[in-house]
Amino acid sequence: MIKTKYLVGALALMIIAFSCKGQGKKIASVVKQNEMVDFFADNGYGNAVAVVQHPAGIYHDGITYVCYQGPKEDPYVASYNHETKEWKGPFKAGVSEMGKDPTRKKKIDNHGKPSILIDDEGYIHIAFGGHGGMRKHGENLLGNHHYGKNLHAVSKKPLDISNWETLDNISPFGTYNQWIKMDNGNIYLFYRHGAHRSNWVYQLSTDHGRTFSEPVSFLKHKRRTDIEAEDSWYPWVTRGLGDDLIVAFDYHICRDRNNTQDERGHIPERHNVYYMVFNTKTGEWKNVRNERLPIPLTKEVADEKTLVANTGKDWTFQGTAKVDANGNPHIGMTMGPDVGKNTSGPKRMGYFKWNGKEWIQAQDSGLPVGNGDMELTPSNEIQFYLAEQIAGGTGEVALWDGGVNGETFQKTKILLTKPNANFAISALIENPHPDARLIVAERKPGTDYRKMYLLGDNGPIPRVKKEANVLEKSIK
Ligand code: ZN
């Protein structure tokens, strides 16, 4: 009797233990299925995003849409619904002519990263794939050739990123695409019309990106007569007040490879900070003092009329700009010393503002060696979102707040930090939701593929791991 009782008890225990084990397995597999990661995709490729190709993201009607360079340098688009917390994509939006040739010396060109726009009818547009075009694309009347073909893809349905078609309606010679939509729905596509020795242009569309005007040059490349070099430019264009567009730019002294002035030959040497305004209503270009500018602007007129700062021997990289409620411009530009090799030294973010009379540069701003974008809060506080590599090789993306004066900046929030990494950072997302202000790609040693993060005030937006692991699928 006792024995039987014992047996029944043991059997019951075994049953309980067995069912618990099953339950545990079940819970573990549910946890595994719903395991969250802080990146939304793992198929970023090369410098998957940058400040120059912008915007790389747009917030529209509850959803943030992002684009980046994926495998084989093709453009990819993903979206995040802030209410349902649902991710979609990434979907391949087109096929680049770059990134396909394994024999090419420079394996990843990186110039054809996508930028994104949503037209007034809800169609999503991507420009991508260009680095000056090739001879087979024809004669480039506004500059020189290099590689790739600038392309324009549009979503087949409004606000649907799953299907795309490539249209043949922009110049193949473009690179560094920058999209801008005005309040009346007009669309401007700004880009460099070729390789280094090319004009910067825009094409205007008044029919939601179905047709575009011929390219209009606004910055002129030109042979120098004093040294063996050519004038070249790097502008960053964005909206100002009303119908204005504002342009922050720096100058590239594009030396001949075999020039006799600098034994380094052709180097990525850039100098100075410039600023100008395009009134899209009147078609007039003006400087900060409201003086008319002849376009395409030459180096001579730029120096005389649009100079914000002469950086002397210091090199510059990647300006960004915003205007405040009074229409006064603010500019960020990274700057570093020429260190004598083939590059500059560490570049620190520089901050400039127009006070109504003159340009002021923040001295000892406290801003780090890093790059990114800036914005003005509704109360006119100056903020930078910057990626930098801090001590020990840790990558960090942080918010730096300069108050309303911008004399000194404090790191007030860290958005993302990863060991042994540095980040490629996008410009700020257009009209951003506070949870999704910018996109970064995590560079790790030993791989060309990148984890992609969508960052906002609460850090990265998470995603279910098995959804974010898209690399294997996308390289097939
Ligand atoms: Zn050059």
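Glu 375 and Arg 437 are both buried, where buried stands for under 20% relative accessible area, against over 50% for exposed and partly exposed in between, using a 1.4 Å probe and protein chains only. These two residues form a salt bridge in which the closest N and O atoms are 3.5 Å apart; the term denotes a side-chain nitrogen of Lys or Arg within 4 Å of a carboxyl oxygen of Asp or Glu. The pair links distant parts of the chain, with Glu 375 in strand β25 (residues 371-376) and Arg 437 in the loop between β29 (422-425) and β30 (438-443), 62 residues apart. Strands (E, at least two residues) and helices (H or I, at least four) are DSSP runs, numbered from the N terminus.

The model is a predicted one, so local features need pLDDT of at least 70 and side-chain atom pairs count only at pLDDT 80 or more, while totals for chains, interfaces and linings use all residues. Residues are numbered from 1 along each chain as its sequence is written, and side-chain values use heavy atoms, leaving out hydrogens and water.

Across the whole structure, a search finds 28 salt bridges. Among the residues involved, Arg 255, Asp 262, Arg 264, Glu 269 and Asp 338 are linked in a network. Within it, Arg 255 meets Glu 269 in a salt bridge at 3.1 Å, N to O. That pair also links distant parts of the chain, with Arg 255 in strand β17 and Glu 269 in the loop between β17 (244-255) and β18 (270-279), 14 residues apart. Glu 269 counts as buried because its relative accessibility is 6%, and Arg 255 is likewise buried, at 11%. Arg 255 forms another salt bridge with Asp 262, at 3.8 Å between the closest N and O atoms, and Asp 262 is buried too.
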